[in-house]
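Here is a friendly walk through one protein chain, written for reading beside the sequence and the 3D view. Please keep both open as you go.

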Amino acid sequence: MPPTLTLPRLDGTLVPYTLSGRAPVTAPPGPITSRVGMAAVHVVADPLAGVNPTLDVALDWDATLRFRHHVWSLGLAVAEAMDTSQRGMGLPWASAKELIKRSVAESKTVQSAVLASGAGTDHLAPGPRVTIADVEAAYEEQCAWIEGCGGRIILMASRALAACAKEPGDYLKVYGRILSQVREPVIIHWLGEMFDPALEGYWGSSDLDQAAETLLTIVKEHASRIDGVKISLLDQAREIAMRKRFPASVRMYTGDDFDYPTTIRGDADRHSDALLGIFDVIAPAAAAALKALDHGDLARYADVLAPTLTLSRQIFAAPTRFYKTGVVFAAYLNGHQSHFRMVGGQESTRAVVHLAEQFVLMDRAGLLRDPDAATARMRRVLAVAGVE
């Protein structure tokens, strides 16, 4: 019989929940061919390190790299050192450098492994004296590190640029300079303010239509240097409208954790590839769905992803920037790490009732790979919150 446990609800009550008994989703072996499916992956903190977790960073390198092998084994690609890895929310550039170096080296040991890493300016604190030239130099430093490690670049949005840019032309200048220097085509990431409030007004305007025009200008002028653009605005209509205007050689990577099944499936004109934080959580389902899409099995594709969408909307609920807590919680439930601790103490940013609902939705989506073990781990989290 499926296990039963007591869960807290939003109305303050405690209710018994019996797991669904659904078998965990598994993906068939082999590569994914019809889409690029990238999972933006988390890092595993070292819970036994003698550091102050709000001030210092200590990673469990074995568990962190083991999770990347899990993602690669399913045929998915890895997006390294992105916001899912807590860039800008606990993971500084000094730690990200080591993470990128280790991950790139690890990827070379796996046949057909695909990995790209985030280059930003997070070692440059925004301030009144920061100039456009400072931002360019900061981007150049991080890009040089990634390329020096033998890696590919995801060009992340810059808080420092958002703070010092005075007009759209400043973005054209900075991105034009960086793109003129890269060795391989990069992925540009437009991260919306719901993920990072410091990025409000990116591309030189709070009007998203005007901001999109600036980005489209960069894409058209530097198409040969751009593999694709990741849009993280949680706005399906805007993503679809923009991808129609991209040159044929430039991919749209959906970052819409609220509506990814539709954009990945595509329409008569184009489809979106994927670069998603939720793929960290739903990696087996994402791989199974994309492989079904490879074979034209749209029914299987839809059936696998439909319940994951409800789960994703729970994990990415406002304040969206705290979604990383749900990502690491899922990894803990599924045994990818032995603890529910995070860099920066971020495990505290979601209420236990929120995590309880996530547990239910993971069960219903077939995303608890060992339901009995996951239930035991859920009970430990509940006990800490006073639910016995």
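This is a predicted model: local features need pLDDT of at least 70, side-chain atom pairs count only at pLDDT 80 or more; totals for chains, interfaces and linings use all residues.

Leaving aside neighbours within four places in sequence, Tyr-202 is in contact with several aromatic residues, including Tyr-139, Tyr-171, Tyr-175 and Trp-190. Its contacts also include Ala-157, Ser-158, Leu-161, Ala-162 and Ala-211.

## The largest pocket

Turning to open space, the largest pocket has a volume of about 390 Å³. Its lining is made of 27 residues, and those nearest the centre are Arg-87, Gly-88, Asp-122, Arg-159 and Asp-196. Sorted by class, the lining has 14 nonpolar, 6 polar and 7 charged residues. Helix α4 (159-164) and strand β7 each contribute at least two residues to this lining.

## The enclosed cavity

How many cavities of 30 Å³ or more does the model have? The count comes to 1, and about 60 Å³ of space lies inside the largest cavity. The cavity is lined by 13 residues, with Asp-83, Lys-230, Asp-257, Gly-277 and Tyr-323 lying nearest its centre. By class, that lining has 6 nonpolar, 4 polar and 3 charged residues.

## Tyr-260 and Ser-312

Two residues that touch each other make a handy pair to look at: Tyr-260 and Ser-312. Tyr-260 sits in helix α8, while Ser-312 belongs to helix α11 (residues 298-315). Is Tyr-260 buried or exposed? Tyr-260 has 0% relative accessibility, so it counts as buried. Ser-312 also counts as buried, because its relative accessibility is 0%.

Polar contacts can be traced from both side chains. The Tyr-260 side chain makes one with the side chain of Thr-308 at 2.7 Å, and the Ser-312 side chain reaches the backbone oxygen of Asp-257 at 2.6 Å. Beyond its neighbours within four places in sequence, Ser-312 is in contact with Asp-257, Tyr-260 and Ile-278. With neighbours left aside in that way, Tyr-260 has contacts that include Thr-254, Leu-276, Ile-278, Ile-282, Tyr-301 and Leu-305.

## How helix α7 packs

Helix α7 (residues 236-243) has these buried residues: Arg-238, Glu-239, Ile-240, Met-242 and Arg-243. They pack against the strands β7 (186-191), β8 (226-232) and β9 (251-254), and against the helices α6 (208-221) and α8 (260-265).

## Backbone details to check

The loop between β4 (77-80) and α2 (93-107) contains Ala-81, and Gln-86 lies in the loop between β4 and α2 as well. Ala-81 has a positive phi near 55° without being a glycine, and Gln-86, also not a glycine, has a positive phi of about 75°. Ala-81 counts as buried because its relative accessibility is 0%. For Gln-86 the value is 2%, so this residue counts as buried too.

Finally, where does Pro-319 lie? Pro-319 is in the loop between α11 and α12 (323-333). A cis peptide bond joins Ala-318 to Pro-319, with omega at about -5°.

Key:
Residues are numbered from 1 along each chain as its sequence is written. Side-chain values use heavy atoms; hydrogens and water are left out. Buried means under 20% relative accessible area, exposed over 50%, partly exposed in between (1.4 Å probe, protein chains only). Helices (H or I, at least four residues) and strands (E, at least two) are DSSP runs, numbered from the N terminus. Contact means heavy atoms within 4.5 Å. A polar contact is a pair of N or O atoms within 3.5 Å; within protein, one must be able to donate a hydrogen and the other to accept it, and residues adjacent in sequence count only if both atoms are side-chain atoms. On a 1 Å grid over the protein atoms alone, a cavity is a set of points where a 1.4 Å probe fits but cannot get out, and a pocket is an open set with protein on both sides within 12 Å along at least five of seven lines; lining residues have an atom within 4 Å of a point. Grid points are joined across faces, edges and corners, and a volume is the space filled by probe spheres set on the points. Ala, Val, Leu, Ile, Met, Phe, Trp, Tyr, Cys and Pro count as nonpolar, Asp, Glu, Lys and Arg as charged, and the others, Gly among them, as polar.
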